Amino acid sequence: METREFTCIGCPLGCSLKVTLNNGEVTEVTGNTCPNGDKYARKECTNPTRIVTSSVRVKGGKIAMVSCKTKEDIPKRLIFDVAHALENVVMDAPVAIGDVVLSNVCETGVDVIATKSVEAR
Amino acid sequence: MKYDLVIVGGGPAGLAAAIAAKDNGIDSILIIERDRELGGILNQCIHNGFGLHTFKEELTGPEYASRFISQVKERGIEYKLNTMVMDIANDKTVTAMNSEDGMFTIEAKAVVLAMGCRERSRGALNIPGYRPAGIFSAGTAQRLVNIEGYMPGRRVVILGSGDIGLIMARRMTLEGAKVLAVAELMPYSGGLKRNIVQCLDDFDIPLYLSHTVVDIEGKERVEGITIAEVGPDRKPIPGSEIHYDCDTLLLSCGLLPENELSKTAGVELSPITSGPIVNDSLETNIEGVFACGNVLHVHDLVDFVSQEATNAGKNAAKYILEGHPAAAKELEILPVDGVRYTVPRYIRPEVMDDTLTVRFRVGQVFKNCAIATYFGDQLISKRKRPVMAPGEMEQVILKKSQLAEYPDITNITIKIEEA
Amino acid sequence: MYDVAIIGAGVVGSAIARELSRYKVNACVIERDEDVCCGTSKANSAIVHAGFDATPGTLKAQLNVRGNEMMDQLSKDLDFPFKRNGSLVVCTKDQDPSLLEELLEKGKKNGVPDLKIIDREELLKMEPNLADDVVKALYAPTGAIVCPFHLTIALAENAADNGVEFFLNTEVKEIKKADGHYVLTTEGETIEAKTVVNAAGVYADRFNNMVSDKKLEIIARRGQYMLLDKDAGAHVSHTVFQLPGKMGKGVLVTPTVHGNLLVGPTAEDIENKEGVNTTMEGLDSLAATSSLSVKNVPLRQVITSFAGLRAHEAGGDFVIGEAEDAKGFFNAAGIESPGLSSAPAIGEMVAAQVAASLGLEKDPSFNGTRKGILNPAGLSMEERNELIRSNPAYGQIICRCESVSEGEILDAIHRTLGARSLDGVKRRTRAGMGRCQSGFCSPKVMEILEREVPMSMFDVTKNGHDSKIVFGYNKKI
C-alpha cells in the first residue's frame, strides 16, 4: 500500500487529493469534490499530462506573434520537448484560430494549434 | 457625438457589458479601447484555464476573448481602437482621443467603466536598492514574451505569488530562462493553487512564503537579488538572507483598479478595493455610471468578470430605457470578521433582480470555516467552506424573495464564522 | 583643437556650455553617460532655493541668489517648467525660534528679497497640513521649484544648437598638460583643448587632481527620496523645510512642477561614488522625519523612490575658477546644494572666466531661445485637433498615466541631443514616470525607439551602457 498526495488542478478549487495505490494500481481517491478530481488523481499517478501553450512568430501579420497550444494534453515529461519543437516555427499570415501550427508534435499524435487569429498586414 | 451607452475599455468586462446591453435593447453603443485590439489583457494571457464556468471547457486567454469579440462583431456593436478616454465628466460627457478622429466628446446616456487594473510597481512597493534595468512587473514581462516575442531575462527571481507571477515563472522557464525562486511576503500564496502546482512544482521552482526582497544590486542591469524571511510584522529577519545571482526581478505583488478617470468623474471609491462603491445594479454614486470587472474589484477568474459585466450591461440598458427607479430603500452590506469588502456595497430589495451574487474576498486563510449571512441580527444562511484564501473570491447569493420577508432590517452582514 | 572641453553634461556643465556658446568658440562637452542629466542633476530636490541658507560671503550664497534671479527669464527663453511656489522653514515648539531669526538675517545679508517670519495662525492659512507642533516659519516667496531634467536638457540643447559639440558615452580617463593645451584621453581616443572645464560632479576631484597639486576631495553625500502620486501633489503647496534639529538637517516636503509630492532627502556620506541605491533604513527615516513638519503625508501613495549623490567638497563651498597651478583648467567642483539653483549663475561666471582667458569674442548669431517638447495638455481642443490633423502621432497616447502621446516621444527622439533610451524618453516627456512606472508603456516606447532611432530592439537600454531590456528572441537567449 502506498499513498500519494496531489493538489487537483482541474479547477480553481484546488482540492487536496489523497490517492491510495496497491502495486501501482489506484485503489482509492479521497478529497475530491467532483469526478474530475478522481480522474485527475488517477492520471497524475499513472500518466501525468499537461496542455502546453506558447507563441510563435508570424510573417506578414498585423502583429508579430501568434499564441498557440497543444490541442490536447501531452505527456508531462514532454513539456520541454514540445516547447523546443516550436523554436523555429514561423507562421505565414493570415492565421485563423485553430490553424495547425505544428502537427503531431514530438510524435505525440497531438497538433499544436493557433489560439488567436492574425490578419495579414 | 451621441451614444446611448459608452463603454470605457474593450477587455473582457467591456465586451460582456456591450453584448448584454445590446441584447437588452440598446443599439447605440460605443466601446472605447486604448490598445490596438479588443480583448484587453487576455491577449497576453496565452495560458489555458479560462472559461471553465462560462463555456464548460478550458480555453486560453485569446480564445476566451475571441468568443466575446465575435459576439460583439456579430451584433454590429461599434468600437474604436487605439483610442484613449481622456476625461469623463459627471454629466457623462466622455472626452476621448485617437490619431484619426483627434480629440472628441461623446454625450452618453449611460457609461460603463471597464478600464481594468494595473500592477503594483517596484516604486509603490518601496523595495530598496539600485534602479537598474531588469525589474519588470510580471505583466510587462508577459507582454514582452507573449506579444512581442522578446526575452526580458535569463536568470529570474520573482517577488509575489500572484497568478501572473506564477504563470510567468512557467512561461520564462519554457522559453529558456532559469527561474531561481518565487518569494511571497505573506504566509500564503496570492495565486490559485493549481498555478502553484502547474507553474512551480512541475518545474521544481521553490516558493518562499513570508519572504521579501531586501536588496537589488547592479547599477545598469540587475546583477543580484537578496531575499529575506519576514517576521509576523512583515519586517525582514536579519540573518535569513538568501542571495541570488540573477539578471531579472519580476514583480507580481497585487493589482490596483485603474480609477483615475472615475475619480475625475466624481465616482466614490472604496479604500479597500480601490474600486467604485456600487449598488445591486453595479451603479456608482453617479446616476447612469456603472462599473464592472477589475476596475470595480480585482477578480480571480475572468468568468466572474464576464458574469458581472453582463449584469452591468443589462442594468445600463435598463437605466437607458426605463430611467432610474424611484428612490428605493437601500441596505448596506457590512463586511466583518474576515470579510474584507463586498461588491455590491448597497442593495435595494425592492428593485433588485430575483437573485443577486455578492462577491468578496477574505483577509486571511480560513480552514473549516463558514460564510454566514445575517439580515439585521437574524442569521439567514451559513455555508461551510473547507478552505478560503485571499487569493480566491468568495460569494453569497441573496434572494429577493427572502429579503422581502425582512422588511424592517437596515443592513445585511456577511462574516466568517467557525463552521 | 577645441578652445574648451567641458567634462560633464549635468546641469552645471550644460549651463557653462550654453553660456560659452554666446561666444565664437569651438567647444565640446564630454559625458560618460548616454545622455545629459544622468548624475547628480537627475536625482535631487528639484528646488530653486531662495538663498538664505548659505553663509554670507560664500560662493554658494552669491551664486544661489543670482541663479534664483536668473530663473524666470531663463525658463521663458528655454521653455522649461519653473514655479515660484515659495518656501517655508518651519520651527516646531521644541525648537529654538531664534534660529529662524538667524536664517532671516543671513538671507538679508545674502540679498534674498521679501523674507519674513510668520506665526502659526497665518501659516495654517497658507499650508493647512503643517504638523501640529509647528509654531513659526521663515517664509521666502522667491523659493521655487523646477524640473531639473528639463532645465538641464534645455541648457544642453540650446548649447548644442549654438554649436557646442556633445560627446556622449565618452568617459575621460586621463588629462595631461601639453604645450599650452590639455590632452584628454577617452577610451581609445584623445581630445585636445586649450582649456578644460571640470564639471564632473562627484568625480571632479579626480580630474582636478590629475593636473593640479591643489588637491580637492569630493565626498559623495547620498540623499534618498520618495516621490508620491499626483493625487498627493496638493498636500502642500509651498516647499516645506525643517530647521536642523535632533533628527539632523531634516527633510523637505514639496510639490514638484509636474504636480507630484516629493519627500527627502536623507544625508549620508558614502564611500561609493556610484552608490545611488536606496536603503530600507533611509526610506523608513524619511517617513518618520517628514512627519515633524507635515502631518498625514500619504506615504501609501509613493510611486517611486530614488537616491542621488551630492558632490560635497571638503572645504564646504563651491570650488569655482582656474586652478592656481594649472592655467586653462577651470573647476566647477563641489557643486552640492544649492547647486541646481546656482547652475545658471555658475555658467555665467565660468564662461566669463574662460572667455577672458581665451580672449573670446561674442557671437552675434547666438540664439538664446529654445522651444521645449510641446505639451498638448496645454492646448485647447481646437488647437489639439489642428495638431493631430497635421501630425496624427499626437493623437496616439503611449503613456496613459501621464497622457504622453507618440508625437511627443517622436519629438524627444528626433530633436537636438535626442533621447536614445527609455529613461531619455522619460526625462524628456514623462512617459513612464507616472503611477504605473512604465509597466504599460515601456514595450511601446521600446518599439518606437527601435523604429525611429533606428536601433535593434536588443540594443534598447533603460539608461545606456549595459542596461539592456531584452536579451534575445524567445528561446534564443
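Modeller: Before we start, a convention: angles under 35 degrees count as roughly parallel, over 145 as roughly antiparallel, 65 to 115 as roughly perpendicular, and the rest as oblique. This is a predicted model, where local features need pLDDT of at least 70 and side-chain atom pairs count only at pLDDT 80 or more, while totals for chains, interfaces and linings use all residues. Residues are numbered from 1 along each chain as its sequence is written, with chains lettered from A and ligands numbered from 1 in the order in which they are written.

Colleague: Okay! At what angle do H1 and H8 of chain C cross?

Modeller: Roughly 40°, with the axes of H1(C) (residues 11-20) and H8(C) (residues 339-358) coming within 7 Å. Axes are lines fitted to C-alpha atoms, for helices over the stretch in contact, and angles run from 0 to 180 degrees between N-to-C directions. The two helices are therefore oblique to each other. Helices (H or I, at least four residues) and strands (E, at least two) are DSSP runs, numbered from the N terminus.

Colleague: Which residues in H1(C) and H8(C) meet?

Modeller: On the H1(C) side they include C:Val11, C:Ala15 and C:Leu20, and on the H8(C) side C:Leu340, C:Ile346 and C:Val354 are among them. Contact here means C-beta atoms, placed from the backbone, within 7 Å. By class, that contact has 12 nonpolar, two polar and three charged residues. Ala, Val, Leu, Ile, Met, Phe, Trp, Tyr, Cys and Pro count as nonpolar, Asp, Glu, Lys and Arg as charged, and the others, Gly among them, as polar.

Colleague: Switching to chain B: how many residues does the contact with chain C take from each?

Modeller: Chain B puts in 41 residues and chain C 45. H5(B) gives the largest share of chain B's side, six residues. That side has 16 nonpolar, 13 polar and 12 charged residues.

Colleague: And which strands pair up there?

Modeller: E11(B) is joined by two bridges to E23(C) (residues 472-473), running antiparallel. Pairing needs at least two bridges found by DSSP. B:Tyr150 stands opposite C:Tyr473 there.

Colleague: What about chain A: how many residues are in its contact with chain B?

Modeller: That one takes 22 residues from chain B and 20 from chain A. H3 (61-74), H5 and H7 (193-200) of chain B each give two or more to chain B's side, and H7(B) gives the most, four.

Colleague: Last one: how many helices and strands does chain B have?

Modeller: Chain B comes to 10 helices and 27 strands, and its C-alpha trace spans about 65 × 60 × 40 Å along its principal axes.

Notes:
Contact = placed C-beta atoms within 7 Å.
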